[in-house]
Amino acid sequence: MATTLEGTILRGESFDPAEGRVVVEDGEIAAVEETATDSTDIVLPAFVNAHTHIGDSIAKEAGGGLSLDELVAPPDGLKHRLLRQASREEKVRAMARSLQFMEDSGTAAFLEFREGGVEGVDAIRDALADRRIDPVIFGRESAAAMRAADGFGASGARDGEFGDLREACREAGKPFAIHAGERDPHDLTPAMDLDPAFLIHVVHPRDEHLDRIENEQLPVVVCPRSNLVTDVGVAPIRELVERTTVALGTDNVMLNSPSMFREMEFAAKLADVSATEVLRMATHNGAELAGKEYGLIEEGRPAKLLTLDGDSDNLAGAEDPVRAVVRRAGEGDVKGVML
Ligand SMILES: [Zn+2]
């Protein structure tokens, strides 16, 4: 059974808008055809959210005014205390609600740092039952959590730990990812010495760090809204984009809605990067980190697609569809999500 989506298609690597249709068969993009159409819809690849902590969905907007350490530092940051207090059922239900919101707002996959060891990994798998979104789960706190998950997510290399867990990932053939350069530059070199699959944040790189990121083609996930909330600064997104693959993440649900629309808008308005580059960060680049083939509208790729109402009160009359999607669109403009 073929399904057809019509309108302005943001196709290929360039996301160049073209009037036409996308033909989907058996979950795959069978054809992308340029043709005249009456539809005012905008069709784009579904998003990949490259960094989340969905587990703290129980603590939305808790801890206003606290510092980064007071909020999220293990073991006694506010987030960890609230997670300990909540029942498993409460946590699973709260995660399921966030996952539903992510699907409804066009997110096809997410790369999750999951607190709580093996139990935490089991809990998010329960929350994912009946969901269509693809998870890539990075367990935390133990090698057992990594083995139960798809990889290991490290808090940061500040104290020179994680060597053993890095080795355990290598033995298990699973990726090791790590926060780095969030508050200052000092944990960037130790993090890179661990040969991670990608770095998260990189707000404070020095030239030597940028050179090494480029030489090693080490991908970076930036989370601009999170960095604003925790008041650590703004990542040099322009410099990073010029050197490596940069993806976009919404970070803690405690601090920010897991909306890729909002993250794109902030990235586009904070950094000197094109709307096309930001859309690529939110789709194809995240998909690459997730090991997924989607994130682009091209024949033969999985059909993970998002349709927006280009004639919504919010978007009607937009001159540049890519800029409108990145800088202006929101959940209210979503007409359909094909996952
Ligand atoms: Zn994080």
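**Entry 1: aspartate 251**

Is aspartate 251 buried or exposed? I looked this up before anything else. Aspartate 251 is buried, at a relative accessible area of 2%. For this label I use under 20% relative accessible area as buried, over 50% as exposed and anything in between as partly exposed, with a 1.4 Å probe and protein chains only.

A note on what I am reading: this is a predicted model, where local features need pLDDT of at least 70 and side-chain atom pairs count only at pLDDT 80 or more, while totals for chains, interfaces and linings use all residues. Residues are numbered from 1 along each chain as its sequence is written, and side-chain values use heavy atoms, with hydrogens and water left out.

I found aspartate 251 in strand S13 (residues 251-252). Strands (E, at least two residues) and helices (H or I, at least four) are DSSP runs, numbered from the N terminus. Leaving aside residues up to four places away in sequence, aspartate 251 touches His51, Thr52, His53, His201, Cys223 and Ser226; contact here means heavy atoms within 4.5 Å.

Two of these neighbours also turn up as polar contacts. The side chain of aspartate 251 pairs in this way with the side chain of serine 226 at 2.7 Å, and with that of histidine 53 at 3.2 Å. A polar contact is a pair of N or O atoms within 3.5 Å; within protein, one must be able to donate a hydrogen and the other to accept it, and residues adjacent in sequence count only if both atoms are side-chain atoms.

I also checked arginine 262. From C-alpha to C-alpha, aspartate 251 and arginine 262 are 12 Å apart in space, and they are 11 residues apart in sequence.

**Entry 2: positive phi**

Histidine 201 sits in strand S10 (residues 198-201) and is buried, with a relative accessible area of 1%.

Phenylalanine 162 is another non-glycine residue with a positive phi, about 80°. I located phenylalanine 162 in the loop between strand S8 (151-154) and helix H6 (163-172). Phenylalanine 162 counts as buried at 14% relative accessibility.

**Entry 3: salt bridges**

How many salt bridges does a search of the whole structure find? The search gives 26. The rule is a side-chain nitrogen of Lys or Arg within 4 Å of a carboxyl oxygen of Asp or Glu. Side chains of opposite charge can pair when their charged atoms come close.

I picked a few to look at. Arginine 21 bridges to glutamate 33, with the closest N and O atoms 2.6 Å apart. Arginine 21 is in strand S2 (residues 16-25) and glutamate 33 in strand S3 (residues 28-34), so this pair ties together parts 12 residues apart in sequence. Arginine 21 is partly exposed at 29%, and glutamate 33 is partly exposed at 29% relative accessibility.

Aspartate 41 and lysine 335 meet in a salt bridge at 2.8 Å, N to O. Since aspartate 41 lies in strand S4 (residues 41-45) and lysine 335 in strand S15 (residues 334-338), the pair ties together parts that are 294 residues apart in sequence. Aspartate 41 is buried at 10% relative accessibility, whereas lysine 335 is exposed at 54%.

Aspartate 76 meets arginine 84 at 2.8 Å, N to O; arginine 84 is exposed, at 52% relative accessibility. I also noted one network, in which salt bridges with shared partners join Asp56, Lys79, Glu115 and Arg140.

**Entry 4: where the domains meet**

The domain assignment gives domain 1 (2-46 + 294-338) and domain 2 (47-290); such bounds come from an automatic or database assignment. Their centres, taken over C-alpha atoms, are 27 Å apart.

I then looked at the interface. Here 24 residues of domain 1 are in contact with 25 residues of domain 2. The two domains bury about 2000 Å² between them, 64% of it on carbon and sulfur atoms; buried area is the accessible area (1.4 Å probe) that two parts lose on being put together, summed over both.

Between the domains I found one salt bridge and six residue pairs in polar contact, both residues at pLDDT 80 or more. On the side of domain 1 that touches domain 2, S4, strand S14 (305-309), helix H13 (321-327) and S15 each supply at least two residues. H13 gives the largest share, five residues.
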